[in-house]
Amino acid sequence: MTVATAGTPTKPNIVEVNNIEVIYDHVILVLKGVSLNVPQGGIVAILGANGAGKTTTLRSISNLLKAERGEVTKGSITFKGERIDSLTPNELVKRGCIQVMEGRHCFGHLTIEENLLTGAFTRRDGRAAIAASLERVYAYFPRLKERRTSQAGYTSGGEQQMCAIGRALMANPTMVLLDEPSMGLAPQIVEQIFEIVKDINAKDGVSFLLAEQNTNMALKYATYGYILESGRVVLDGEASALRDNADVKEFYLGTGGGGERRSFRDVKHYKRRKRWLA
Amino acid sequence: MSGLSFAIPGGIGAVLAGLMFVLLRGDRRSVVDTIVHVALAAVTAVFLGYLASRAIDNPGGFLEILVGGLLSGVLYSLVALGFVLIFKASGVFNYAQGAMVLVAGLALVRSLDYLTGLGVANIVAIPLAILFSGAVMALCAFVIEKWVLRPLLNQDGLTLFMSTIGATFVLEGLAQMVFGSGVYPLRLFPTDAWILGEGMFPGGILVNKLDVWGGLIAAILVVALAAFFQYTKTGRALRAVADDHAAAQSVGIPISWIWFIVWLVAGIVALVAATVWGTKLGVQFSIVFLALKALPVLIIGGFTSVPGAIVGGLIVGAGEKLAEIYLGELIGGGIEYWFAYVLALAVLLVRPQGLYGEKIIERI
């Protein structure tokens with residue numbers, strides 16, 4: 001259900017996910033028909049509790065699913081109008097779609113600068129262009145420039161998150177799938193990182209699809225949001241509309257409400273499978 | 001022969017010191033652990049003390065054995081290096097490393113024989129033969145990556161290990177079928193010896209030229225590998241994959257390509273080992289047992305460490321030669337054949353991750 005109509009989309013969608021179903025290990029059904037769109041140059045948030053399917057959604061777009069023995073069994077995913085279901089992560093990064101994994105995943109034995117340079121692995125546009133990108137990343141994250149020669153394994157959580165985002169930027173992406181950037185970070189650092197994400201979005205026009213548990217922060221910076229519960233989209237809408245929605249306030253923002261209702265499951269049964277698409 | 005009288009008091013001293021250390025630390029280790037550690041410390045102290053006393057008796061002879069041992073240890077290091085490269089980058093314990101040395105050696109020696117048989121001058125034939133065997137190793141890497149490893153992506157380490165045992169048999173069989181199964185002498189390096197320091201020690205020190213060449217080549221190889229890993233884009237990607245497969249994949253590094261490169265590099269290391277061993281013993285089937293000697297080297301040095309492979313090889317090489325000569329007088333010969341394994345066992349008791357290995361932390 002959509003809380004507020006977004007109106008007719010003015011910009012074309014960079015990513016369109018149509019009613020996908022994801023199964024891990026041939027038996028575990030994780031996504032039960034998820035559809036979502038990311039408009040060109042937008043910041044879209046996927047919200048939900050642990051195990052709702054946020055990470056799986058991102059992984060099925062970036063195609064990192066296969067490494068986890070997952071498989072998209074139904075539905076389709078397009079990036080810039082092209083079906084990407086069977087592309088490898090390498091081919092996707094070359095096309096400009098890159099994922100920043102949950103839990104940062106920096107290369108611990110490499111220095112910060114080496115970490116950033118690995119992000120440029122797929123680029124073929126020469127040293128000068130890569131050096132320019134490096135300077136651009138350092139401009140967004142001055143902290144990384146200070147720590148450029150230290151091993152990533154010995155830097156703080158916030159620095160590692162910056163490093164992971166910076167590393168993704170080094171690939172010159174148009175679409176970044178950002179998985180839980182707030183995980184395990186102090187609120188101040190989270191705010192700082194979200195500010196930088198907004199900055200990158202505004203200056204370079206990079207689109208972001210954000211998976212977050214920190215609903216408050218995500219809705220502050222995103223333009224549009226989807227709420228996932230046990231593998232289904234239960235609610236979506238403009239970020240401002242979601243923020244004001246009574247149910248969202250109660251379940252995810254922790255304000256208002258009595259307390260006996262904990263999730264959308266207790267309220268009513270939403271069906272958001274677009275059967276006409278499958 | 002003042003060796004034992006020097007070593008025994010030293011050993012008793014080491015036992016006392018070890019006991020005191022353990023007691024003062026108040027560690028909650030088991031009694032058995034403590035006894036084992038102290039006993040090991042005592043045996044090591046006696047052995048080292050004995051060696052020291054013998055070295056004082058005849059410094060020239062000692063130096064000769066030590067240098068010879070270190071230089072032959074370089075070869076163990078080379079084989080161990082191939083293991084470490086693959087283990088680090090893909091978590092695969094590659095049992096086939098010894099077979100790869102055999103394949104490389106056979107390809108080299110047989111193509112060289114063929115070319116010289118055609119009357120090609122050595123200066124042309126040797127580079128051609130090296131190129132050819134390099135190509136054979138590349139083919140090996142390609143085939144193993146495509147048909148052995150890729151279908152087993154994300155499988156358990158033990159599964160991958162078993163598959164490399166299978167690859168070993170295939171490689172050994174194929175190599176002998178294609179290139180023949182005899183003993184083929186390889187003459188790339190001089191095999192005579194230098195006599196050094198005649199003024200300093202009576203009789204001087206005998207140093208095998210081949211061993212020196214081997215050491216030199218190994219040093220060049222290690223420096224080249226270090227530079228490759230440190231300063232090239234592919235080297236950086238290799239290290240990234242070794243650190244975190246999933247993250248490497250997420251930034252678009254193609255894992256299968258990286259694995260191919262790793263196996264190719266291991267193949268080239270095998271080729272280098274084969275040239276030196278082949279010159280020493282002739283290229284023959286028994287070269288695969290080299291892989292078995294690399295195992296204690298890896299246990300001593302640590303499975304994930306390049307410096308560990310080198311230091312481990314040197315320790316094993318020097319240790320077994322010294323033990324053979326000096327301990328052999330007391331308890332009989334043949335020590336060379338088991339010394340490395342006993343040393344590895346001792347290291348496993350005290351420091352299971354090896355000298356340079358990363359401490360394995362398993363969350364239960």
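Which residues are buried in H4(A)? They are Ser133(A), Leu134(A) and Val137(A). Before going on, some conventions. This is a predicted model, in which local features need pLDDT of at least 70 and side-chain atom pairs count only at pLDDT 80 or more, while totals for chains, interfaces and linings use all residues. Residues are numbered from 1 along each chain as its sequence is written, and chains are lettered from A and ligands numbered from 1 in the order in which they are written.

By buried I mean that 20 or more other C-beta atoms lie within 10 Å of the residue's own; exposed is 12 or fewer, partly exposed is in between, and the C-beta atoms are placed from the backbone. Helices (H or I, at least four residues) and strands (E, at least two) are DSSP runs, numbered from the N terminus.

Back to H4(A). The buried residues, Ser133(A), Leu134(A) and Val137(A), cover an arc of only 105° around the axis, so they sit on the same side of H4(A). The arc is that of the directions from the helix axis to the C-beta atoms. On the other side of H4(A), the exposed residues are Ala128(A), Ala131(A), Ala132(A), Glu135(A) and Ala139(A). The buried residues of H4(A) pack against helix H3 (112-118), helix H5 (142-146) and helix H6 (157-169) of chain A; contact here requires C-beta atoms, placed from the backbone, within 7 Å. As for length, H4 of chain A covers residues 126-140, 15 residues, and reaches 22 Å from its first C-alpha to its last, close to the 21 Å expected at 1.5 Å a residue. The expected span is 1.5 Å times one less than the number of residues.

Now chain A as a whole. Its secondary structure comes to 11 helices and 10 strands. Of its 278 residues, 45% are buried. Among contacts between residues at least 6 apart in sequence in chain A, 72% join residues at least 24 apart.

Next, the sheet. In chain A, six strands form an open sheet with mixed pairing, in the order S6-S7-S8-S3-S9-S10. Two strands pair if DSSP finds at least two bridges between them. Strand S6 (97-100) and strand S10 (232-238) of chain A are the edge strands, each pairing on one side only. From one strand to the next, the twist averages 15°. Within this sheet, S3 (residues 43-47) and S9 (residues 224-229) of chain A pair in the parallel sense over four bridges, and Leu47(A) has Ile227(A) in S9(A) as its bridge partner.

What lies across these strands? Helix H1 (residues 54-62) of chain A lies across S3, S6, S7, S8 and S9 of chain A, and runs at about 150° to S7(A). For such angles, axes are lines fitted to C-alpha atoms, for helices over the stretch in contact, and angles run from 0 to 180 degrees between N-to-C directions.

There is other strand pairing in chain A. Strand S1 (residues 13-24) and strand S4 (residues 70-79) of chain A run antiparallel, joined by eight bridges; Asn18(A) stands opposite Ser76(A) in S4(A). S4(A) also pairs with strand S5 (residues 82-83) of chain A, in the antiparallel sense, over two bridges. There, Phe79(A) stands opposite Glu82(A) in S5(A). The hairpin of S4(A) and S5(A) has two residues between the strands, and Lys80(A) in this hairpin takes a positive phi near 50°.

On to the interface. The contact takes 16 residues from chain B and 26 residues from chain A. Helix H8 (233-243) and helix H9 (245-250) of chain B each supply at least two residues of the side of chain B that touches chain A. H8(B) gives the largest share of that side, six residues.

Why does Gly134(B) count as partly exposed? Because Gly134(B) has 17 C-beta neighbours inside 10 Å. Leaving aside neighbours within four places in sequence, Gly134(B) is in contact with Ile268(B) and Leu271(B).

Key:
Two residues are in contact if their C-beta atoms, placed from the backbone, lie within 7 Å.
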